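Here is a short report on one protein model. Have the sequence and the coordinates open as you read.

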Amino acid sequence: MIVVIGASGNVGREVVTRLLERGLRPRALTRNPQGAAFTPGVEVLGGDLDDPGTADRALDGADAAFVATAGPAAPAHDEALARAVARCGVPRVVRVSSVAALPPVTDAYGTAHAAAEEAYRATGAACTFLRPAAFMSNTLQWAWSVKADGTVHQPFGDLPQAVVDPADVAEVAVRTLTDPGHEGKAYTLTGPEPLTARDRAHRLAQALGRPLTFVDASEEEAYQAMVKAGLPDDYVTALLTALGDPTPARGAIPLPTVEGLTGRPPRRFDTWLKTNLHHFR
């Protein structure tokens, strides 16, 4: 049995769907099982990883676990899960990490992800780490201002990132969970082209058929907005530090990893937009 931790997230939900398509019946852990609306056949558990018993209940009897946590925003969750992996004797773990964890690690955001990776390695489980570039779905954070007044507010507007579709990350996750030969590996996952936030806003405007105003927000404005949205102070500070690192941006160069693991090219941002354009109207 495969357990999906973070089953309601952008990647986790896709992992559940793809496991079902393969005829597997995963167990899904989510904070809000009533709102999850998974396909029948999925064992859904509700629970918060702040509760010490949640991880044990989720991982009991598991043959493998997929893990997508809040990462640096809630490091205690990975610590709790790693301890439960060891207690329950889970033999296989696939965790969504970040390109920021690529060595040499240069910032607090990457350090937190690297520490989580090490915690899972220490359990003795066979681990695979997926280190995606920024998700295309981060663009959804603009939806409220695009609908309200036709603006996009984003810091580091000219930072190139080879943004990746979470569905591609999910497909890689399922392959590494169900196919042999990925134990002990770490895969850096990117989309097919480097795009700045300004580039993505331009393409969004074209898809909507109306102009959008791009506002290159200051780091302080971005910090205040993310903290107001409920993100922990330390997490926001670490993330903005990672984005503002003057060294070449990690995840900016497209890599062939997704195609090598799935047999098809990673999805383009324009394809993702077509599927998600309704969120911006």
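Predicted model: local features only at pLDDT ≥ 70, side-chain atom pairs only at ≥ 80, totals over all residues.

Start with D270, which is partly exposed at a relative accessible area of 32%. Its side chain meets that of R203 in a salt bridge, at 3.3 Å from N to O. The two partners come from distant parts of the chain. D270 sits in helix α11 (residues 269-276) and R203 in helix α7 (residues 197-208), 67 residues apart.

## E193 and its surroundings

R203 has another partner: its side chain also makes a polar contact of 2.8 Å with that of E193. E193 lies in the loop between β8 and α7. Is E193 buried or exposed? E193 is buried, with a relative accessible area of 13%.

A polar contact of 3.1 Å links the side chains of E193 and R268. Neighbours within four places in sequence aside, E193 touches Q161, A162, V163, R203, P254, R268 and F269.

## Other salt bridges

How many salt bridges does a search of the whole structure find? The count is 19. One of them joins the side chains of D78 and R95, at 3.1 Å from N to O. D78 belongs to helix α3 (residues 75-88) and R95 to strand β5 (residues 92-96), so this pair ties together parts that are 17 residues apart in sequence. Both D78 and R95 are buried.

E171 and R175 form another salt bridge, with their closest N and O atoms 2.8 Å apart. Both lie in helix α6 (residues 166-178), four residues apart, so about one helical turn separates them. E171 is buried at 13% relative accessible area. R175 is partly exposed at 24%. Side chains of opposite charge can pair when their charged atoms come close.

## The sheet

Seven strands build an open sheet. Their order is β3-β2-β1-β4-β5-β6-β8, and the pairing is parallel. Which strands stand at the edges? They are β3 and β8 (186-189). Each has a single partner strand, so one side of each is left without a neighbour in the sheet. From one strand to the next, the twist averages 15°.

Look at β1 and β4 for a detail of the pairing. These strands run parallel and are joined by four bridges. I2 stands opposite A64 in β4.

## Helices on the sheet

Helix α4 (residues 108-121) packs on the sheet and touches β4, β5 and β6 (126-132). The direction of α4 makes about 165° with that of β6. Helix α2 lies across β1, β2, β3 and β4. It runs at about 165° to β2.

Which residues of helix α2 (residues 52-59) are buried? They are T54, A55, A58 and L59. Seen down the axis of α2, these buried residues fall within an arc of 110°, so they line one face of the helix. Their packing partners are β1 (2-5), β2 (27-30), β3 (43-46), β4 (64-67) and α3. After α2 comes G61, which has a positive phi near 80°.

Definitions and conventions
Residues numbered from 1 in each chain as written. Heavy atoms only, no water. Salt bridge = Lys/Arg side-chain N within 4 Å of Asp/Glu carboxyl O. Helix = DSSP H or I, 4+ residues; strand = E, 2+ residues; numbered from the N terminus. Buried < 20%, exposed > 50% of the residue type's maximum accessible area, 1.4 Å probe, protein only. Arc of directions from axis to C-beta. Contact = heavy atoms within 4.5 Å. Pairing = 2+ DSSP bridges. Axes fitted to C-alpha atoms, helices over the stretch in contact; angles between N-to-C directions. Polar contact = N/O pair within 3.5 Å; in protein donor to acceptor, adjacent residues only side chain to side chain.
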